[in-house]
Amino acid sequence: MSNIQGISIANSLLDVMEDGREFESLIKYQYNNLNILGEIRRSISEIQKARGKSCICYIANVLHSNINNSIDGTDDLPFNEMVNSVPNSIKEIDVVLVTPGGLANQVNNFVNALRPRFDKVNFIVLNMAMSAGTIFIMSGDEIIMSQQSKFGPIDPQIPNREGRFVPAQSILVALEDIKKRGEEKIKSNQQPDWTDIQLLRNIDPRDIGLAQSASRYSIDIVKDFLVKYKFKSWLTHSSTQVPVSDIEKNERANEIANLLCNHSEWKSHGHAINRDVAWNICKLKITHSESIDGLDRAMRRMWALFYWVFENTPMVKVFVSDNYCIIRNAAPVNVPLRPVR
């Protein structure tokens, strides 16, 4: 670090980062000869030291909404290469994840790449894992979250007539409400409300079918992941120590999957589910980052690092590990970028 004409100059983000105010401490400096990949890999080593396990990172820029940062088919090749780059001797992996969501079928491809390769797959939710990201973490043996981590409902988004994506469950909930009101009117020898009739006329039957099939897919895939992976080590009930049956695992998985896809419960596709809600409402076992020595600090530092990088560079998505790196850049439209000095 140096000081030139009252301006503090540094060449490392991690070296100037202060505990508890990780991001604020970074914006006090201008940077010279900054090795961003080197900083990211140093941060990865902090995560790995705390966990005692290898990790790979799939990190999307979730700070800006006008960039293509979602999970899609273009992720398939770099994700597979990153997985294959892990030494064959390693049989357990941590996946550090940040994503706003995307395609559920691509998540299924990710899981199909990970599961034959590793005996155990864990997820560290660095900041958010929404929508399809939620489906992804449900395939984990262990889910680790900090106080700031969140995931979201899995109700799929489908395109409407105007091409805008709307929650599939909102269509189905609206139909169910119209049905109930209509049945009540008919029982009272009244005609259904004119407004409801007009709403029905404006709903494309194809949208209804798509909403039903997409919702069923999300529910089925989460249920399958939970039974196969998350509940694999759930052997006894914690309160009674009675063995857990396969029927009970399937019932619990079905309850969780349907709850996560229930628009009536969450009201918004972007609803944030923190780790307390995950346990108290969803009955999902979550590992708290503070329970692992050094991990919570390492997670805060890594997220502050990526937050600064996403604000100051055109990075959109990062696939990175100890020995693999693909960085996708795309200058966001109408978002001013400060040059990296």
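The crossing of α3 over α13 is left-handed; a crossing is called left-handed if the near helix is turned anticlockwise from the far one by less than a right angle, and right-handed if clockwise. The contact residues on the α3 side are I36, E39, I40, S43, I44, E46, I47, A50 and R51, and on the α13 side they are L295, A298, M299, R301, M302, L305, F306 and V309. Contact here means heavy atoms within 4.5 Å. Sorted by class, this contact has 12 nonpolar, 1 polar and 4 charged residues. Nonpolar covers Ala, Val, Leu, Ile, Met, Phe, Trp, Tyr, Cys and Pro, charged covers Asp, Glu, Lys and Arg, and the others, Gly among them, are polar.

Before the geometry, the provenance. This is a predicted model, in which local features need pLDDT of at least 70 and side-chain atom pairs count only at pLDDT 80 or more, while totals for chains, interfaces and linings use all residues. Residues are numbered from 1 along each chain as its sequence is written, and side-chain values use heavy atoms, with hydrogens and water left out.

Two packed helices are described by the angle between their axes and the distance between the axes. For α3 and α13, the axes come within 9 Å and cross at roughly 160°. The two helices are therefore roughly antiparallel. The axes are lines fitted to C-alpha atoms, for helices over the stretch in contact, with angles from 0 to 180 degrees between N-to-C directions. Angles under 35 degrees count as roughly parallel, over 145 as roughly antiparallel, 65 to 115 as roughly perpendicular, and the rest as oblique.

Now one residue from that contact. I40 sits in helix α3, residues 36-51. Is I40 buried or exposed? I40 is buried, at 1% relative accessibility; buried means under 20% relative accessible area, exposed over 50%, and partly exposed in between, with a 1.4 Å probe and protein chains only. Setting aside neighbours within four places in sequence, I40 is in contact with L305, F306 and V320. I40 and L14 are 26 residues apart in sequence, and their C-alpha atoms are 9.1 Å apart.

The axes of α4, residues 76-84, and α5, residues 104-114, come within 10 Å and cross at roughly 20°. That angle makes α4 roughly parallel to α5. The crossing of α4 and α5 is right-handed. In α4, D76, F79, N80 and V83 meet Q106, N109, F110, A113 and L114 in α5. By class, that contact has 5 nonpolar, 3 polar and 1 charged residues.

I71 belongs to the loop between β4 (54-60) and α4. With 1% relative accessibility, I71 is buried. Which residue lies 35 positions from I71 in sequence and 7.0 Å away in space, C-alpha to C-alpha? That residue is Q106. Beyond four places in sequence, the residues touched by I71 include Y58, T99, L103, Q106, F110, A132 and K317.

Another loop residue is S289, between β11 (287-288) and α13 (295-312). S289 has 0% relative accessibility and counts as buried. Leaving out residues up to four places away in sequence, S289 touches I144, M145, S146, R275, L295, D296 and M299.

On to backbone angles. Most residues other than glycine have a negative phi, and most peptide bonds are trans. S131 has a positive phi, near 55°. S131 is in the loop between β6 (120-129) and α6 (132-137), and at 10% relative accessibility it is buried. K283 also has a positive phi, near 60°. K283 is in the loop between α12 (275-280) and β11; it is partly exposed, at 43% relative accessible area.

Cysteines. How many disulfides are there? The count is 0, where a disulfide is a pair of cysteine sulfur atoms within 2.5 Å. C55 is in no disulfide, and the nearest cysteine sulfur, that of C57, is 4.4 Å away. C55 is buried at 3% relative accessibility, and C325 is partly exposed at 26%.

Last, the chain as a whole. It has 13 helices and 13 strands; helices (H or I, at least four residues) and strands (E, at least two) are DSSP runs, numbered from the N terminus. Of the 341 residues in the chain, 48% are buried. Among contacts with a separation of 6 or more, 70% join residues 24 or more positions apart.
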